[in-house]
Amino acid sequence: KVNNQGLGETANDMVCVGNDLFIVVSGSASVMVVDKTTCKLKKMINIVNSANVNRQPRHITYYNNAVYVSCFDGNIVKISTEDYSIKGVVETGGRNPDGMAVMNGMLYVTNSGGLSYPNYDNTVSVIDLSSFSFVKKITVSSNPTIVKTYNDKVYVLSFGDYSTTPVLTRISSNNEVIDSISKNITDFDFYEDKIYYFYHNYTTNTYSLNYINVNNLNASPTRFTQNISSLILPYHINIIDGIIYVTDAKNYTTSGQVFAFSTSGSLLYSFQTSVNPSKIIKIQ
């Protein structure tokens, strides 16, 4: 409303840095920078290649005065958070880079290969952020998509062809695979040595909200709350200041909803959103 325009086609991810929100808009080949308080547009950064073709930006993360954008064209784009200029581009060596996480100055990027179904990729690329250069690729299970860090480990969730059980892979700080465990997980986050997650079974159209201890991934899950009748299709989970936020995409075409739970499983509140709520962050 304050800019008399929309964000564009398919806002996919965002991060808050200082007074700015950096919002990735995939279909519009852009990162929109807006004031976190007023939402006034400050800069539209075009994420295109030398031929002015959309790089298909997907996700964004922050580290040391720069944001990094994964692009389905096989690259990571580095943008200064000070002057909003593009400072460099590096190839991941994999197909369709997607999720990203930072640990010890290294950027871990999932190469899903999602655009070449059923020939998925099965690697995670490691990028040294001090030199902004490719380090290595780590082989994981097919179609890795979500990656997060906790303590000194990297956790990667791979979905295969979506007909089999997802696989959760742990990677050590020296970039070696520790283990890979089949687990019914669709999205997850960490809090006090627990992995809180939901699993949505698209065949039966049912879901569960559970947790497991990070030190015992093979343990049977504990359900942290009973199903909520108005929660239809869990879409994303974030834990902020001890509150578990689960977004609900409903049927992908109508207004979505966000549910806030305590870690003991009590529903604290909920609120309506626009279509397909896919990311929740804290405005600091």
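1. Let's start with a charge over a ring: lysine 148 sits over the face of phenylalanine 188, 5.5 Å from the ring centre. Lysine 78 does likewise with phenylalanine 132, at 5.8 Å from the ring centre. The criterion here is that NZ of Lys or CZ of Arg is within 6 Å of the ring centre and within 35 degrees of the ring normal.

2. A word on what you are looking at. This is a predicted model, in which local features need pLDDT of at least 70 and side-chain atom pairs count only at pLDDT 80 or more, while totals for chains, interfaces and linings use all residues. Residues are numbered from 1 along each chain as its sequence is written, and side-chain values use heavy atoms, with hydrogens and water left out.

3. Now to the aromatic rings. How many aromatic pairs does a search of the whole structure find? The search finds 13. Rings of Phe, Tyr and Trp (its six-membered ring) pair if their centres lie within 6.5 Å; planes under 30 degrees apart are called stacked, over 60 edge-to-face, and the rest tilted.

4. One of these pairs is made by tyrosine 120 and tyrosine 162, edge-to-face, with 6.4 Å from centre to centre and 75 degrees between the planes. Tyrosine 120 belongs to the loop between strand 10 (106–111) and strand 11 (123–128), and tyrosine 162 to the loop between strand 14 (153–158) and strand 15 (167–171), so the pair ties together parts that are 42 residues apart in sequence. Strands (E, at least two residues) and helices (H or I, at least four) are DSSP runs, numbered from the N terminus.

5. Are the two partners buried or exposed? Tyrosine 120 is buried, at 11% relative accessibility, whereas tyrosine 162 is exposed, with a relative accessible area of 56%. Buried means under 20% relative accessible area, exposed over 50%, and partly exposed in between (1.4 Å probe, protein chains only).

6. Tyrosine 269 and phenylalanine 271 give you a stacked pair, 6.5 Å centre to centre with 20 degrees between the planes. Tyrosine 269 is partly exposed, at a relative accessible area of 36%, and phenylalanine 271 is partly exposed too, at 39%.

7. Proline 118 lies in the loop between strand 10 and strand 11.

8. Please also check the backbone at two residues. Glutamate 192 has a positive phi of about 50 degrees although it is not a glycine. Glutamate 192 is found in the loop between strand 17 (187–191) and strand 18 (194–201) and is exposed, at 56% relative accessibility. Asparagine 276 has a positive phi as well, near 55 degrees, and is a residue other than glycine. Asparagine 276 sits in the segment after strand 24 (267–275) and is partly exposed, with a relative accessible area of 25%.

9. On to the sheets. Strands of a sheet pair through backbone hydrogen bonds, either parallel or antiparallel. Here, two strands pair if DSSP finds at least two bridges between them.

10. Strand 7 (residues 75–80) and strand 8 (residues 86–91) pair in the antiparallel sense over five bridges. Asparagine 75 faces glutamate 91 of strand 8 in this pairing. The two strands form a hairpin with five residues between them, and tyrosine 84 in the turn has a positive phi of about 65 degrees.

11. Another open sheet has four strands in the order 21-22-23-24, with antiparallel pairing. Why is one side of strand 21 (234–240) and of strand 24 left without a neighbour in the sheet? These strands stand at the edges, each with a single partner strand, so one side of each has no neighbour there. Strand 22 (residues 243–248) and strand 23 (residues 255–262) run antiparallel and are joined by six bridges. Across them, isoleucine 243 stands opposite serine 262 in strand 23.
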